[in-house]
Amino acid sequence: MLLLEAATRTGWIDRNQMVAPSEILAHVAAIIPSTHFVTDLTRTSVTILAAFALGVLGGVPLGVLLWRVRVVGRVLEPFIVTGYAMPTLLFYPILVAVLGLNAGPIIVIASTMALIPIALTTMVALGDVKPVLHKLARSVGASRRQQYFKVLFPAATPLIFPGIKLGFIYAVIGTIAMEFILASKGLGFRAGFMYRELYVADMWAYIAIVVVFSIAVNSALGLAERAIRRDML
């Protein structure tokens, strides 16, 4: 940080490209109390949570289907894996025509990005459950619902959770990236707006805020993952 501060202060790095870290911190401190920051943070947080919730609600049942019905799994898995490389941004015009010019298209695209790792890890995790646990559940007369919620999901949770964590990260990436290009509100939009208007210091301030936001979310998920793994020991 000191080297970066010196490089920007002495002109080794052009101010049109980057400003000093101390100046970025000053702009962050000025942005956070503002009304539009609260609006942008709320919009981005709600969009991420909605995309993540849809990713979980769609990804876990899809993973169960892929694991339970092996034929469906073998047919659909290559298409789902291909979804990783698909530029979902191309579907934005269609989604705008269907859902309108609001947060809906961004939520759909980000939830699709979150759904894929959740579905695949759920399928792999359930397939990795030891056969003896299936026999144990059947031997005690557990219903299908009890088998899933009392035996299979608890046993598969250590492997499912990394997929859920990855899905949340994809929801964050998808939301911020889509806001940067297409939205009219949100942290991603604000960073893009400052970039287009050549407000370099404010642009870096919003980038710093997004980085801190992502680190905080990732740390919280890491703590949750460690707590779940500790409970499983």
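**Charges and annotated segments**

Analyst: This is a predicted model, and the count of salt bridges, taking a side-chain nitrogen of Lys or Arg within 4 Å of a carboxyl oxygen of Asp or Glu, comes to one.

User: Which side chains meet in that salt bridge?

Analyst: The partners are Asp40 and Arg190, with an N to O distance of 2.7 Å. Asp40 belongs to helix H3 (residues 35-68) and Arg190 to helix H9 (residues 187-196), so the pair ties together parts that are 150 residues apart in sequence.

User: Is Asp40 buried or exposed? And what about Arg190?

Analyst: With buried meaning under 20% relative accessible area, Asp40 counts as buried at 1%, and Arg190 counts as buried at 16%.

User: Switching to the surface, which residues form the positive patch?

Analyst: The positive surface patch is made up of Arg68, Arg70, Arg74, Lys135, Arg138 and Arg144. Helix H4 (70-82) and helix H7 (131-139) are the elements that give two or more residues to this patch.

User: Where does Arg74 sit, and is it buried or exposed?

Analyst: Arg74 is located in helix H4, and its relative accessible area of 60% makes it exposed.

User: Last topic: what does UniProt list as "transmembrane region"?

Analyst: The unreviewed UniProt entry lists residues 46-67, 79-100, 106-127, 148-173 and 203-224 under that name. In the model, residues 46-67 are 100% helix and 0% strand, with the end C-alpha atoms 31 Å apart, while residues 203-224 are 100% helix and 0% strand, with the end C-alpha atoms 32 Å apart.

How values were computed: Residues are numbered from 1 along each chain as its sequence is written. This is a predicted model: local features need pLDDT of at least 70, side-chain atom pairs count only at pLDDT 80 or more; totals for chains, interfaces and linings use all residues. Side-chain values use heavy atoms; hydrogens and water are left out. Helices (H or I, at least four residues) and strands (E, at least two) are DSSP runs, numbered from the N terminus. Buried means under 20% relative accessible area, exposed over 50%, partly exposed in between (1.4 Å probe, protein chains only). Patches are made of residues with over 30% relative accessible area and no salt bridge: like charges are joined within 9 Å, nonpolar side chains (Val, Leu, Ile, Met, Phe, Trp, Tyr) within 5 Å. Accessible areas come from the Shrake-Rupley method with a 1.4 Å probe; for residues, only the protein chains shown count as cover. Lys and Arg count as positive and Asp and Glu as negative; His and the chain ends are not counted. The place of a charge is taken as NZ of Lys, CZ of Arg, CG of Asp or CD of Glu. UniProt positions are given in the numbering used here, feature names are shortened, and annotations may be inferred rather than shown by experiment.
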